[in-house]
Amino acid sequence: MGKRSVTVRVARWSALHPGRAVIGWLVFVMLCLGGGTAIGMNSATSEDFRVGEAGRAEALATEGGVQMRPTEQVLIRAESGPLDEKAADAAVKDITARMKSLPEVASVAAPVKSADGRVLRVQVELNGSEQEDQESVPPLQAQTEEAAKGHPDLVIEETGDASVSKGVDDQRNEDLQFSEAITLPVTLITLALVFGSVVMVGVPLLLAVTSIMATMGLAMLASHLLPDTGVGMSMILLIGMAVGVDYTLFYLKREREERARAGGRLTSEALVEAAAATAGRAIVVSGLAVIVSTTALFLARDVIFDSLATGTILVVAVAVVSSVTVLPALLVKLGRRTERRAAKRLARGKPVRGTYGEKEPGRAWNVLLAPARKRPALTLCLSVLVMLGLALPALNMNLKNPARDSFSRDIEAMKGYDRLLDAFPEQRVRHLVVVRAEASQAADVRQALTDLDRRAKSDPLFSHPSFSHPSGAPLLRSSEDRRTTTLELNAPHPTYSQKAEDSLDHLRHDHLPATVGKMPGVETAVTGEVPRGTDYVEHQNQKLPLVLGFLLLMTFAMTVFAFRSVVLGLLGIVLNLLSAASALGLLVLVFQGKWAEELLSFISLGGISSRVPLFLFVILFGLSMDYQVFVVSRIREAALNGVPTRQAVIEGISSSAKVVTSAAIVMVTVFASFVMLHILEMKQMGFVLAAAVLLDAVVMRIMILPAALLLLGRATWWPSPAIRRAEERAAERYGAYGAHGAQESQEAPEAPEAADERPLSGHWAEPRTARRG
């Protein structure tokens, strides 16, 4: 007997010792979760987010102690009508005193009145950085609430960077709970329809949930190597539920097929091992494909993508481990239960219910597969044309960095933010010019920055001088050593608008070179929300070719490794690119315009979040391998048994249609639930992944893939000689036994390359119950 693979040996041990395997898995989950909780999460700091010129400016300003700090704005207005100045002055004094007493506050500015005189604004500057402000804001909010109670005749509210950030995080947590509430019932219903058994429904969910729990603990540990940005846990939930259920479905599907084929002749242990030799290997290969593909995100050299990649890799790895270790033990436990019930029924003289069996694909599947089977060339051409048509809008895709203006107005701080901008429109955009020079040049630098301030204020893209400061003076700040000086400029445009980007372009390429840039030995840079977003998009555009090239190479290599076929490797790349392009086209069609704003509850940026395309390519290329490995494995297995390629394609796709569709329904449900979240970037990610998986599972796997394989025929497997040898052996058997013998030999022969993974003989092959008559 040949040497068995690691997957089969692990499944064999798990099947022989199910109690130990289950307990071991639970201990592993508790250790991961407990260890992560004990050590805690290491969150990313402001330094981890620095990119491009904006990042360089922040580093220079921070080194000099003049960095742009988070600011909170306390607004004082009347409920209606004009503002009572006496009452407003009393409220300002109260707010100022309260804020200055807090250790989180660096300074409180003098009140500024709006142009119409109806609103007073008190700016409160916090200690720390803009990325580390959420822990500081609750005490300020509490003092604002107390001040509002003390002045009931006025409306006193607080908004600002910290308030909005905290509101977004709180909303994200509520959204995730909402997503779970939707995902779990749909998953339960889908699994119930697939298996028709409440007990079998619990197995995929149990493994998915415990895998997510273990991964959360591991992610906390990993955050001390790669800091967490707050999106890692969301990705663990998103991907964990999808692949956790998918992998279990694939394994359960094969175990039930083996059980139906055995007809009571094999024990549960033998059936589980037989499933491990096929589905177990497919799960491992699929998981490796997702992991290898996801590593491409690290090439982007971005802390957010690092966090996304870490969460995805960890949860997929844990899901694979659970599928090949504890899942066989659970299936053996359930199988023994079935055998005991059968034995009791036989002892009572009652008939034994049929074992779990898989029905042949129904009429609906025959109808869906008919076009590819009967007219593969026409089906392929029409399907590709449809996909290309869906992809066309992606040619006009405009990448944007999601800004504060895009956040949901269900957040109280965002409602205050809108009222702030109505009264003080210049507060929309803050550009910070940072200058580093010798201390002896400090006076010249301040004079040059004053000239820059004057030039900018004469530019219609910037705000009027009276908006910047009550006195109209430039907002200058210098470090203690006089080497670093900053100038803050404001612009009255939405942060994601073209005018905001144009104001930055004028500042960087016109006003700055004409003033401070002319000084010798001076280093300059500009930062702020708009510069950070602009530089981030440029950074992503620079990294996209590298990441995509690596992704294509790894996808090709993994496909060739799995199927020993260069043709399949090339075909997989083309299909994945077509799926991704079509999904991006739909994304642009829905989110780049305004027609779907009310339907999906979002504010269009006039573009797509810059992180979404790269994220889509990486995750889709990995997840699509789930379907490709499972479907093509079934086709290749039949071909290795001597079945002609055309027949193998039809049989493989037909036999896997139900489970692939069920897995797709679960995955699409998980992703689509994110469309109902409030955060625009999460909406876009959920929509594009749901669309991509749906297109991949339906159009690609039912129309394009079978049509292409039918047209390629035996060339599909080039250059692997295994299929040719299998066909030669089938031809020899046909010559020796005649047509009837050849047909029988093709029904259930053992695959040549899987001969070392056959179930054990001996006591495992003896059923614990009498064979059903």
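Author: Met235, Ile239, Val243, Asp246, Tyr247, Phe250, Lys253, Arg254 and Glu257 of H8 meet Phe615, Ile619, Leu623, Asp626, Tyr627, Phe630, Arg634 and Glu637 of H21. Contact means heavy atoms within 4.5 Å. This is a predicted model, where local features need pLDDT of at least 70, side-chain atom pairs count only at pLDDT 80 or more, and totals for chains, interfaces and linings use all residues. Residues are numbered from 1 along each chain as its sequence is written, and side-chain values use heavy atoms, leaving out hydrogens and water.

Reader: Why are H8 and H21 called roughly parallel?

Author: Their axes cross at roughly 0 degrees and come within 13 Å. Angles under 35 degrees count as roughly parallel, so H8 and H21 are roughly parallel to each other.

Reader: What classes of residue make up the contact of H8 with H21?

Author: That contact has 10 nonpolar, no polar and 7 charged residues. Asp, Glu, Lys and Arg count as charged; Ala, Val, Leu, Ile, Met, Phe, Trp, Tyr, Cys and Pro as nonpolar; the others, Gly among them, as polar.

Reader: Why does the term roughly parallel also apply to H8 and H10?

Author: H8 (residues 232-262) and H10 (residues 303-324) pack at an angle of about 25 degrees, with axes 8 Å apart. H8 and H10 are therefore roughly parallel to each other. The contact of H8 with H10 has 11 nonpolar, 8 polar and no charged residues.

Reader: Which residues does Val316 contact, leaving aside neighbours within four places in sequence?

Author: Val316 is in contact with Ile239, Val243, Tyr247, Gly287, Val290 and Ile291.

Conventions: Axes fitted to C-alpha atoms, helices over the stretch in contact; angles between N-to-C directions. Helix = DSSP H or I, 4+ residues; strand = E, 2+ residues; numbered from the N terminus. Parallel < 35°, antiparallel > 145°, perpendicular 65-115°, else oblique.
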